[in-house]
Amino acid sequence: MQPIDAVPVRRPGRWIAAIAVAVLAAAVVRSVATNPRFQWDVVGEMLFSERILHGLLLTLELTAIAMVAGVALGVVVAVARMSPNKLLAGAGAFYVWLFRGTPVLVQLLFWSFIAALYPTVGIGPFEADANLLITPFMAAVLGLALNEAAYMAEIVRAGIASVPEGQSEAASALGMSRLQMLRRIVLPQAMRVIVPPTGNETISMLKTTSLVSVIASSDLLYSAQLIYSQNFKQVPLLIVVCIWYLAITTLLSLGQAALERHYGRGVRRTRKESKPMRFLKPAVAR
């Protein structure tokens with residue numbers, strides 16, 4: 001019996017779509033590069049200006065502080081929500097409902113005007129003027145961190161729920177307390193589920209910090225706004241802001257990918273051991 005001379009199925013639609021995308025991309029790049037109204041010389045001049053770098057530094061500080069505080073508080077709220085104590089579970093659910101159900105912009109404005117409700121803030125004999133204590137930076141941190149904690153609580157809760165119950169039962173049989181079980185057994189296994197959405201939340205937080213410009217906190221966007229309110233170069237300065245956001249987002253994405261590889265090592269190893277059989281590509285006979 002003569003063997004069949006098979007060839008792969010031809011898909012001209014893919015080549016046509018690829019050519020169309022390439023032509024469109026080339027046209028967009030050419031238009032952006034040659035349009036003098038973009039004022040690329042101003043972009044290059046302002047990209048590393050002192051005021052822009054100061055705003056960038058504040059944006060990074062807000063992102064780091066808000067994420068660390070949000071993750072830490074989110075773990076506490078998630079554990080409270082999963083507690084057998086109904087009061088703790090209700091308190092955790094109420095926190096998530098309140099902070100996840102109201103816009104972060106409204107929360108930022110609320111914290112910036114907190115002195116209207118509480119002129120003095122303190123614990124016991126220690127009191128301070130709320131206007132001096134809740135600065136624009138502190139209001140930004142409170143608004144961003146408390147809002148982020150509500151989302152992180154749901155992410156952590158989903159990660160904990162993904163760990164098989166047998167792991168918790170085995171830890172209890174060994175005499176571990178609930179805190180030891182979470183720290184040594186449950187959370188390390190839940191990290192594989194927690195890390196990807198947490199990375200996305202970090203990238204989202206970086207961009208959400210731009211909202212603090214409404215409370216006069218001199219982040220990256222607000223610094224650019226102050227500059228173009230003087231020189232009227234709105235478009236070039238907004239391009240500078242976009243370039244810095246894209247650069248930091250790229251670095252954060254690389255860090256997220258590295259963490260995902262680290263916590264997914266065991267899963268990848270299991271998949272390699274049980275690698276499915278590859279099938280031949282569809283072909284037609286000549």
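Analyst: Let's start at Ala 64, which is partly exposed, with a relative accessible area of 42%; buried means under 20%, exposed over 50%, and partly exposed in between (1.4 Å probe, protein chains only). This is a predicted model, in which local features need pLDDT of at least 70 and side-chain atom pairs count only at pLDDT 80 or more, while totals for chains, interfaces and linings use all residues. Residues are numbered from 1 along each chain as its sequence is written, and side-chain values use heavy atoms, with hydrogens and water left out.

Ala 64 belongs to helix α3, residues 50-81. Helices (H or I, at least four residues) and strands (E, at least two) are DSSP runs, numbered from the N terminus. Met 205 lies 141 residues from Ala 64 in sequence, yet their C-alpha atoms are 9.0 Å apart.

The unreviewed UniProt entry annotates residues 52-80 as a "transmembrane region", along with 12-32, 92-118, 130-147 and 235-259; such annotations may be inferred rather than shown by experiment, and their positions are given in the numbering used here, with feature names shortened. In the model, the span 52-80 is 100% helix and 0% strand, with its end C-alpha atoms 41 Å apart. For residues 12-32, also 100% helix, the end C-alpha atoms lie 31 Å apart.

Helix α11 (residues 234-263) has 30 residues and reaches 43 Å from its first C-alpha to its last, close to the 44 Å expected at 1.5 Å a residue; the expected span is 1.5 Å times one less than the number of residues.

Zooming out, the chain has twelve helices and four strands, and buried residues make up 32% of its 286 residues. Of its contacts (heavy atoms within 4.5 Å) with a separation of 6 or more, 75% are between residues 24 or more positions apart.

As for confidence, pLDDT is the predictor's confidence in each residue, from 0 to 100. The chain's mean is 86, and 90% of its residues reach 70 or more. Over residues 277-286 the pLDDT is below 50, and this stretch has 14 contacts in the model beyond near neighbours in sequence. Where pLDDT is low, the predicted coordinates should not be read in detail.
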